[in-house]
Amino acid sequence: MRKILIQLGIYKLVAFVLKRTSHFPIWSNLEIDIQSSCNRDCEFCPRFWDRTGVRKDKQGNQVITKMPSEKVYDLIDQACKLGFQGKVKLHRLSESLLDKRYVEFAEYIKAKGLHLHENTNGDVLKKNEALCAKLDGLIEHLTIGLYDYKNETEKQAEMAYWRSKFKKTQIVFSLPPENCTIRQGSKVYFEVQKNPKALDAPCTQPNRMMLVRYDGNVSLCCEDDGCHFDLGNVFEQSLPEIWWSYKHIKIARTLEKQSGRHQFDRCSRCYNGQERVNLLTEPFPK
Ligand code: SF4
């Protein structure tokens with residue numbers, strides 16, 4: 001049915017009308033998942049329990065595939081044509097620096113006047129000084145996950161190392177061992193105490209984020225790597241058709257209200273807005 005509606009141009013027409021009448025602004029963050037894999041298997045990551053074939057297969061082996069380059073360029077071009085000048089990231093639940101095409105995409109994004117922000121576990125960069133030098137300044141803002149330190153001294157040493165490698169890029173650190181977001185699909189989700197009040201909080205992620213998975217399916221938010229809301233696929237529809245679809249706007253408007261999460265199965269179990277959790281079982285050694 002959807003295919004027929006796409007062929008008839010119905011989605012395009014609805015998006016055109018809603019773009020002009022809904023007062024629903026364009027996204028502020030565009031994330032394009034240029035490839036599917038990650039070299040780590042972290043307990044706090046929603047990839048952890050995936051066996052659907054999106055990130056891991058039934059046996060728990062990694063799915064390794066890439067978005068075609070021409071589609072990556074096409075998405076960047078579509079965003080620019082809409083007047084988007086905000087943040088772009090080249091990953092979803094993946095480690096984008098595993099992709100050898102990263103630098104060419106980064107250069108294209110910069111040439112278009114967009115702002116490249118990235119998250120990494122740092123493993124590729126640690127083995128590649130030349131890549132660090134190439135990306136310094138090309139990436140505007142880099143969040144580096146520190147996952148392996150055992151004490152404060154090691155943590156500070158890691159931070160100093162990364163600051164010495166990047167002089168032009170703004171560096172920040174994510175510290176899941178001490179400051180962990182509770183995410184569905186992770187091992188942590190089932191093991192920590194959750195705050196039921198978080199399930200009543202409004203959520204504005206769908207108003208701000210255009211998230212495209214490597215296979216073209218669009219996620220509603222960071223917690224929807226499974227693309228459970230069936231918003232569309234960029235190989236079949238344009239970004240504006242998906243963003244300004246009736247379905248997307250209706251979901252976003254519902255979730256921005258108090259207790260809106262209870263309207264949707266996935267959201268009704270989402271604790272991502274609650275206070276972060278310290279996973280270190282012992283008091284943090286100085
Ligand atoms: S409440 Fe729903 S839309 Fe918001 S982050 Fe959670 S799963 Fe996503």
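Which residue in S3 is the bridge partner of Val88?

Reply: Happy to take you through the sheet. This is a predicted model, in which local features need pLDDT of at least 70 and side-chain atom pairs count only at pLDDT 80 or more, while totals for chains, interfaces and linings use all residues. Residues are numbered from 1 along each chain as its sequence is written.

The bridge partner of Val88 in S3 is Leu116. Strand S2 (residues 87-89) and strand S3 (residues 115-120) run parallel, joined by 2 bridges. From S2 the chain passes through helix H4 (residues 102-111) to reach S3, a right-handed β-α-β crossover. As for terms, helices (H or I, at least four residues) and strands (E, at least two) are DSSP runs, numbered from the N terminus. Two strands pair if DSSP finds at least two bridges between them. A crossover is right-handed if, with the strands pointing away from the viewer, the path from the first strand over the helix to the second runs clockwise.

Now for the whole sheet. The sheet is open and has 7 strands in the order S5-S4-S3-S2-S1-S6-S7, with mixed pairing. Strand S5 (170-174) and strand S7 (218-219) are at the edges, and each has a single partner strand, so one side of each is left without a neighbour in the sheet.

S3 pairs with strand S4 (residues 141-145) in the parallel sense, over 4 bridges, and Asn119 has Thr143 as its bridge partner in S4. S4 in turn pairs with S5, again in the parallel sense, over 5 bridges; here Leu142 stands opposite Ile171 in S5.

Thr143 counts as partly exposed because 15 other C-beta atoms lie within 10 Å (20 or more would be buried, 12 or fewer exposed, and partly exposed is in between, with C-beta atoms placed from the backbone). Leaving out residues up to four places away in sequence, Thr143 touches Asn119, Val172 and Ser174; contact here is C-beta atoms, placed from the backbone, within 7 Å. Thr143 and Val172 are 29 residues apart in sequence, yet their C-alpha atoms are 4.8 Å apart in space.

In the other direction from S2 comes strand S1 (29-32). S1 and S2 pair in the parallel sense over 3 bridges, with Asn29 opposite Lys87 in S2. S1, H3 and S2 form another β-α-β unit, and this unit is right-handed.

The largest nonpolar core has 54 residues, and Leu75 and Met210 have the most contacts inside it (a nonpolar core is a set of buried Ala, Val, Leu, Ile, Met, Phe, Trp, Tyr and Cys residues joined through C-beta atoms within 7 Å). Among the elements giving two or more residues to this core are S1, S4, strand S6 (209-212), helix H3 (69-81) and H4. Leu75 is in contact with Ile32, Val212, Val234 and Leu239, leaving aside its neighbours within four places in sequence.

Note on methods
Two residues are in contact if their C-beta atoms, placed from the backbone, lie within 7 Å.
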